[in-house]
Amino acid sequence: MLEQKFKYSRLLLAMTVSLSGIATASAADCLMPQPRPPEAQESVTEIDGVKTTTIITPENTIFPSQDPFAEPPGSNHLPTVYKNVCDGNGVEVPNTLPSTPEHPYNLHADPVVSVIDKTSPTDDLIMAFRQIRNSAGSNAVAVQKALDILEGNPIQGRNYSGMPLLHYNGPNKVKHVQPIFENGVKVGGVVEVHQVWFDSHIESDTAMIDPSDVLDVPWTIHYTVDTLNRGHDDFAPMVMYFDDPALSPMGMPPMPNVLMDQTFFPMEDGTRTAYEVKMAPGKYYNLSYHWGWRRHPPRVQVAENARKMLAGKTLVQWETSVFGEHPTASEADKLAAIAKIGDLAPEKRMWNTLRAIKAHGSASKQEIAAIYRAFDQWQNRNKLPDGVKADPDSDWTLFFVNNTIYGQMKGITDDSAVTYPDWTLRGKTVKIKLLNGDHFDHAYFNVDFGGRRGWENTFQSTEAIGGAGQWFTFGRAHWWVNAGMPTSNRPSLIMTPPATGSGDDTVVGEHNIVMQMNFEPSRRIRWYQFDPLHHDVAVWSIH
């Protein structure tokens with residue numbers, strides 16, 4: 001019955017009208033890349049051991065200055081072109097047109113939807129903490145259950161089993177696209193990705209995808225998405241593609257080309273939805289950014305290209321240099337990897353307190369209160385946790401901890417949404433405070449989603465099947481890097497040094513960012529900022 005509902009609704013979608021106007025023609029058989037601007041200027045100063053990186057983005061010469069919010073959709077909004085995009089050689093890149101009026105879901109067939117148990121890690125933690133409180137910590141089974149959830153140990157009958165809330169197992173989350181042959185000819189490939197969505201979280205068994213065996217052929221991501229309690233959302237993987245790497249000078253990274261939402265498909269609590277999403281040839285692949293607009297940020301998770309090189313190392317090498325090649329091979333390996341996570345992380349506070357309770361077989365009132373306090377703060381990454389203060393002189397403060405990002409806007413009391421309405425026109429300067437609570441370096445990266453080079457809406461409305469309706473259409477944008485990409489002129493990453501000390505005596509690492517935005521934002525998103533070395537869930541976007 002559920003599958004029939006979705007198939008019937010697809011027919012309704014095909015009959016609705018485009019939200020983005022009449023398509024315009026392109027001179028080529030595919031959509032050519034937009035002009036690429038020069039690099040931003042970067043300079044670094046240091047006072048009392050704390051570095052400040054100042055970024056001045058170049059003046060936008062592609063579009064005239066126009067406030068996209070006061071005069072929507074803005075001068076950087078492009079006409080819709082219902083064609084695949086081209087690379088810089090003028091070669092068509094397959095599977096880069098996500099939606100058309102005739103085929104609203106152009107990159108995947110009808111998903112297969114089934115009913116599952118919707119119990120989430122949150123649900124089981126609440127139950128375990130209640131049992132610990134009622135037994136004053138003497139319920140060893142409840143204590144171990146909570147530890148198993150945090151560590152990602154196998155939990156029978158739970159769809160989230162094996163996905164730790166402590167983010168130390170990145171080296172285990174690398175998947176290889178398996179090639180597919182027909183009559184001895186490579187025709188594609190497939191990779192399996194499992195995600196669970198609940199509360200404000202997306203956890204995945206895949207943080208990096210290696211497309212080495214499908215560089216010249218299209219391939220497919222087979223997503224299995226389990227929507228647990230309070231996970232209801234529209235599935236929205238946004239893929240980012242590079243231009244052909246052969247066009248870049250020797251030793252330089254591939255140039256940005258386009259990004260796009262590949263689907264907007266509503267998912268209900270207690271369902272498993274299986275998607276077969278079509279991808280462009282692997283040589284173009286940058287990353288897949290999975291986001292849930294109903295709780296965004298922080299509901300986000302990213303799968304990176306495992307082949308990507310930054311500052312002389314692959315992303316896999318960056319991850320293993322911190323957590324080891326096999327962080328779950330033994331208890332000693334696990335403890336060593338978890339030790340890299342800072343003690344100010346709410347997840348680590350829960351873990352430390354539970355281990356103390358387990359060691360002495362009882363829990364004090366203070367320990368029980370500490371567990372509940374940390375649990376509440378884990379649920380809200382739009383507010384800084386205990387022991388971390390927002391910088392009053394910065395527009396927002398980002399706190400790297402537990403291999404993720406907690407953030408807080410200056411002067412914002414409503415933490416259910418993260419917006420920065422002060423940037424509408426070019427010339428705006430923002431200040432960002434970066435704090436690091438983990439015991440390893442975190443880097444900073446900032447990407448423009450089409451404000452500088454242009455963005456378009458393509459056909460979409462999920463209103464008929466309970467989705468986002470008029471709030472979102474598929475977006476396709478010509479992306480660019482604002483800050484953080486090492487180049488021949490700027491070989492260094494923007495690093496925030498690790499924390500020192502432990503427990504409440506932790507001293508966080510610091511880095512300041514001053515950024516002048518000499519272009520207008522797109523209406524879709526103002527800032528996409530993340531740690532490029534340990535991406536996964538270390539994202540904190542601003543609309």
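The torsion about the S-S bond between cysteine 30 and cysteine 86 is about 110 degrees, so this disulfide is right-handed. The model is predicted. The points below cover the disulfide, the nonpolar cores and a nonpolar surface patch.

**Disulfide**
- The count of disulfides comes to 1, and the S to S distance between cysteine 30 and cysteine 86 is 1.9 Å.
- Cysteine 30 sits in the loop between helix 1 (2-14) and strand 1 (41-47), while cysteine 86 sits in the loop between strand 2 (50-56) and strand 3 (112-115), so the pair ties together parts that are 56 residues apart in sequence.
- Both cysteine 30 and cysteine 86 are buried.

- In soluble globular proteins, nonpolar side chains tend to be buried together.
- The largest nonpolar core holds 63 residues, of which Ile209, Trp219, Tyr289, Phe449 and Tyr528 touch the most other members.
- Strand 10 (residues 233-242) supplies the largest share of this core, with 7 residues.
- Beyond its neighbours within four places in sequence, isoleucine 209 is in contact with residues including Val177, Val191, Val193, Trp219, Ile221 and Tyr285.
- The contacts of isoleucine 209 also include Lys175, Glu304 and Asn305.
- A second, separate core has 44 residues, among them Leu165, Leu228, Ile338 and Leu384.

**Surface patch**
- Ile180, Val185 and Val187 make up a nonpolar patch on the surface, and together they have about 220 Å² of accessible area.
- Valine 187 belongs to strand 6 (residues 185-198).
- Valine 187 counts as partly exposed because its relative accessibility is 36%, which lies between the cut-offs of 20% for buried and 50% for exposed.

Methods. Residues numbered from 1 in each chain as written. Predicted model: local features only at pLDDT ≥ 70, side-chain atom pairs only at ≥ 80, totals over all residues. Heavy atoms only, no water. Patch = residues over 30% accessible without salt bridge, like charges linked within 9 Å, V, L, I, M, F, W, Y side chains within 5 Å. Areas by Shrake-Rupley, 256 points an atom, 1.4 Å probe, with all protein chains shown as cover. Salt bridge = Lys/Arg side-chain N within 4 Å of Asp/Glu carboxyl O. Helix = DSSP H or I, 4+ residues; strand = E, 2+ residues; numbered from the N terminus. Buried < 20%, exposed > 50% of the residue type's maximum accessible area, 1.4 Å probe, protein only. Disulfide = S-S within 2.5 Å. Core = buried A, V, L, I, M, F, W, Y, C linked by side-chain atoms within 4.5 Å. Contact = heavy atoms within 4.5 Å.
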